[in-house]
Every structure is written in C-alpha cells, then in structure tokens.
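Here is a friendly tour of one structure, with a look at a loop residue and at some charged pairs. Please have the sequence and the 3D view at hand as you read.

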Amino acid sequence: MKKFLKWLTIFIGSIVVLVLIYAAVTLVRHNRFGLYASGGPLLANQSAFDVTFYDISLHPDAEKKFLSGKTGIEFKTLKNGLTEIQLHLINNFTVSEITDKKGNSLEFTHENGLISIPLKHPLMKNEMAGLQIVYAGEAPEAIRPPWIGGINWSKDADGNDWIGLSCQGEGGKIWFPCKDHPSDEADSVFLHITVPEPYFCAANGLLDKVESNKGSLTYHWKTHYPINNYNINFAIGMYEAVESEYITETGATMPVVFYVLPQSREGAEKHVAMAIDMLQSYRKFYGEYPFTKEKFGLVETDYLGMEHQTINAYGNHYKYETIFNSSEEFDGLMLHEMGHEWWGNKVTVKDWSHFWIQEGICSYGEALYQLDKSGEDAYHKKMAQIRRRIRNKNPIVIHANATTTESYNGDIYSKGAYLMHTLRYVLGDSIFFPVLKQFATDSAYTYQNFVDSEDLIQLVNRNSGEDYRKIMELYLKTTILPEVKIDSVGINRYKVSIPNIGFSLPMEVTMGEKKKRMQLGKKAIEIISDAWPVVDEKGWYLKNGDLR
C-alpha cells in the first residue's frame, strides 16, 4: 500500500509539474498576446499617411482552418513625397497580388510581418490613394481568447461550425493587412464575409445585404463610424437574431440585437432587455450611446467576451449576478464590454501606455451602474470589491510608445478604476461627473481624436481650477501609496500626517461623532478627538496597508 501511495504521489506530482511547465512555456512563447503584440513606436513611413477606409472581403474555410481574401485600403497622405506604403500582415499569410486604384500591379516585399509597397509615383500631402491586397493563409488559432487571441475554429453543441475572432492584444494584422497602431482608425469599414449556406455572419455596423451564390452566402456589413483595427470583427454560426429597440435621448430608435445560437435561445429576450437597461444607465454618466445610427450588438462566442464595436462578443452563458442591496440581476460581463463602447471605441488612447483609460474607466463604470441602480452603499461595496483585485506591482502608465504586452496588467482595470473613485472624492460630484461626461462626449477627445493621461489631467485641472497633477501621477506613474501616520500626543490629542509623499491630500478624518475634510501631508496636523481618529474611513483612497 505504501509503495502504491508513493508511486501515486510521484505520478500526480509529475502531472502537476508538466502542467506548470506547459503553462509557463505557453506564456513565454506567446508573450501574453501571442507572438504578435500590437502598438509600439509608430513606423516613420506610417506617420506619413492616415488610413480612411478598409474594404475587406474574406472566405473563411473552417475545415482547413484557412482564410483567403482581399483588402482594399484607402489612405490620405500627411506629408509630401510619399513613395512607399508599409502595412502590417503577419507572415502566416501569402500575398499574391497588390494593385493600385487604377489597376496597376505593384511590386512589394513581405518580410517580418511588414508589407512594403513602392508606389508608381510620389504622392503629395493631402492626396488620396488606394491599394488592393490579395492574400491567403492560416490565421493564428486562439489559444486563450481573448487574452491570447486569434481565430476560434469551434463547434457548437450540434456539431455545426462556430467561428469567432479576438485580437485586441495582437491587432488586426493577424487576419488582414492594416496599419496596426492605436493612433489610426479608419473612418469607415465594409466587410464582405462568404460562408456556406445556411450559416449567418454577424459583424460591425449594419447589414447592407446578403447575396446567395451556389450554396454560399455573402454578408455585406458596413460601419460608417471610426473604428480601431482590433475592433473590426466577425462571428459565424447558426445564429438567430433576437432584437428589440432602444429609444435614444432624442426619441430616435436604435436596434439592440443579440445573435445567439439555438442552444442559448431561451433567455435571450431577457438578456436584450437587460442590455437596454444598461444603455439607459450608462448614458446618465457618459452621454448617449456612441453608435446610435447603427446598433448595439451582441454575438454569442466560444470565449468569454470582447468589446468589438457594435458587435460585442458574449460567452458568459447568462451567469448573472445580483446588484448589491437588491434582488435585481445583471450580467457583469455584458456590462463591462458595453462600457467599452464609450471607453475604447469612442474614447481611444493614442498609445497603449495609457491602456488604463480604456480599461480602468470602463471598470469604474461597473461601480457607477451599482450607484445608479442601488445607491451609494452599493457603489462603495463595488469599489471595495475592485480594490481587492489591485496588486500594485508596477505603475499603470509606463514609457511612451508601449506595446500591448508591455502595458497590459490587471491593475489597468482595478487601480485605474480606483483612481477615478479617488477623483470623485477629491473633486466632489458637482465637478467630477461633468468632467467624466465631458471626457466621453467632447469632440476633442472622441472618435478620431485620440487621448492620453495628460488630456484627462488637464481637463480635471481646467474644470476644478486646481492642480491635481501630483495626485493623479502618484497613482498612475508610481506604486507609492499614501501612508497615514497617527500619533497620540496627549489626552484626546493626536497628530496626523502622510510622511511618505511630498504634497498634501484632502482626506476625511473621523473624530468620534465628527467628520472633517483636512489637507494631510508631511507636516503633521494636531487634532482633538474623543476617540482614536480614523482617516479616510470610507476608502476613497488606495493607501499603504489596504492591499493584502
């Protein structure tokens, strides 16, 4: 028996070691976002043109796990004398032909994920031009979507093909030729996806038409809103459309559509109604839903979710939570991805080093939803839940020109959200909420006008009439947390300070039955209290000792 237990222990231990080795190798090999991190320094050549339009035709082959297609690209030159265009497309694909808008065949090279295309003649500033690229190959298969993304070649419960796509960290270059940088969005995109009949293809924007040809269907989707390349998306399956209407603040109607598999059809109407309620809640804080001329769309996917513009991926299987202090249900995954329609899709960072704006403010929206539905206590419970996820190992804003791999970590969600929570206290609701809405609605920060942390700092300072840069940069660019020190200096007398930072913070101090907002910093403030004073009792700040 002892020998059996010994060998059983060795066997189990070996399995555990192998699993850990496999996980480590996977993470190292795929470098969090696969082999294809997005962003980084903008190529000198790509700084000379702006993509205005993608026209993507694609034939996915589920049996061969193969993509073939062509992409038309229109662009505007930003400098005189442009003689070459460089576009990203991973080398899994073979480019067979490139032509200009006049049909001229162009020479090109395709090396190290970059297509270099010499032009027939130099282009002058503000000149419009276009290319068409024909290509085919095997796109990366998603390993841990959406974090290690690619194509999901899945099967539904009935054995039908079920195809999804996720590529936030990798960028669109893993499936079509593009300018893969967060600072460039096409003004509009047309997608033409051909699938076997009777499959359905869901994608961004509005469905223009469906063409039938010898057992296949081509779905023509069009979006006329600016869109980041990683948000261009499609999903293919035996989908049914469950649809309702959202009434905008101006009284217009917009479709809310959930493309769902038959196996998940039961409960879909409730889910769509829940989505409409969330849209109504978010607009109170962020302004109207950003894409009302098209739709709010959900599509069931074989991975958890992702914020693809107007066609959010949803794979949470109706795992509902309960709003704090309430019996009302909600879907946390849908709520988060919906928030990205504002934070990420409408308000977009120009550099992944400011990733926190998209993820952190979006995560903070989950607390605002609790506030709207159930009040202040529910809001603070949600923020306490978010605080428990903070690790504070690295700053959430790093060096300029970062890649997705360099900038991505859990704190861009949780610590970023907590900074917004702190700003609410510091500014007060009368300033904070208008600033938040202005950041989400002002044309200076939205659609094709990209943002970074400096934009938010300046917006806060302009609206408050104060300089809060030091507070914001403390939480954005360092891992230093305020350390509150309280010393008893006599009967009912205490000195309170924050000795580890070089500036003061407005904090609430509870002194028995009294509460007072005080400026705390290195210089100790003496207070009189019948009980040991409590600083920041409600937890508006992330402080030293808060993390476990």
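Thr248 sits in the loop between strand E17 (240-247) and strand E18 (253-260). Strands are DSSP runs of E with at least two residues, helices are runs of H or I with at least four, and both are numbered from the N terminus. This is a predicted model, in which local features need pLDDT of at least 70 and side-chain atom pairs count only at pLDDT 80 or more, while totals for chains, interfaces and linings use all residues. Residues are numbered from 1 along each chain as its sequence is written, and side-chain values use heavy atoms, with hydrogens and water left out.

Is Thr248 buried or exposed? Thr248 counts as buried, at 7% relative accessibility. Buried here means under 20% relative accessible area, exposed means over 50%, and partly exposed lies in between (1.4 Å probe, protein chains only). Leaving aside residues up to four places away in sequence, Thr248 touches Arg283, Glu288 and Thr292, where a contact means heavy atoms within 4.5 Å.

Now to the charged pairs. Side chains of opposite charge can pair when their charged atoms come close. A salt bridge is a side-chain nitrogen of Lys or Arg within 4 Å of a carboxyl oxygen of Asp or Glu. How many salt bridges does a search of the whole structure find? The search finds 27 salt bridges.

| Salt bridge | N to O distance |
|---|---|
| Lys179 and Asp184 | 2.8 Å |
| Lys350 and Asp452 | 4.0 Å |
| Arg469 and Glu473 | 3.2 Å |

Start with Lys179 and Asp184. Asp184 is buried, with a relative accessible area of 4%, and Lys179 counts as buried at 4% relative accessibility.

Next come Lys350 and Asp452, which form a salt bridge. This pair links distant parts of the chain, 102 residues apart: Lys350 lies in the loop between helix H3 (332-339) and helix H4 (355-374), and Asp452 in the loop between helix H8 (429-441) and helix H9 (453-464). Lys350 is partly exposed, with a relative accessible area of 33%, whereas Asp452 counts as buried at 17%.

The last pair belongs to one helix. Arg469 and Glu473 are separated by about one helical turn because they are 4 residues apart in helix H10 (residues 469-477). Arg469 is partly exposed at 26% relative accessible area, and Glu473 is partly exposed at 22%. A network of salt bridges links Glu454, Arg469, Glu473 and Lys477.
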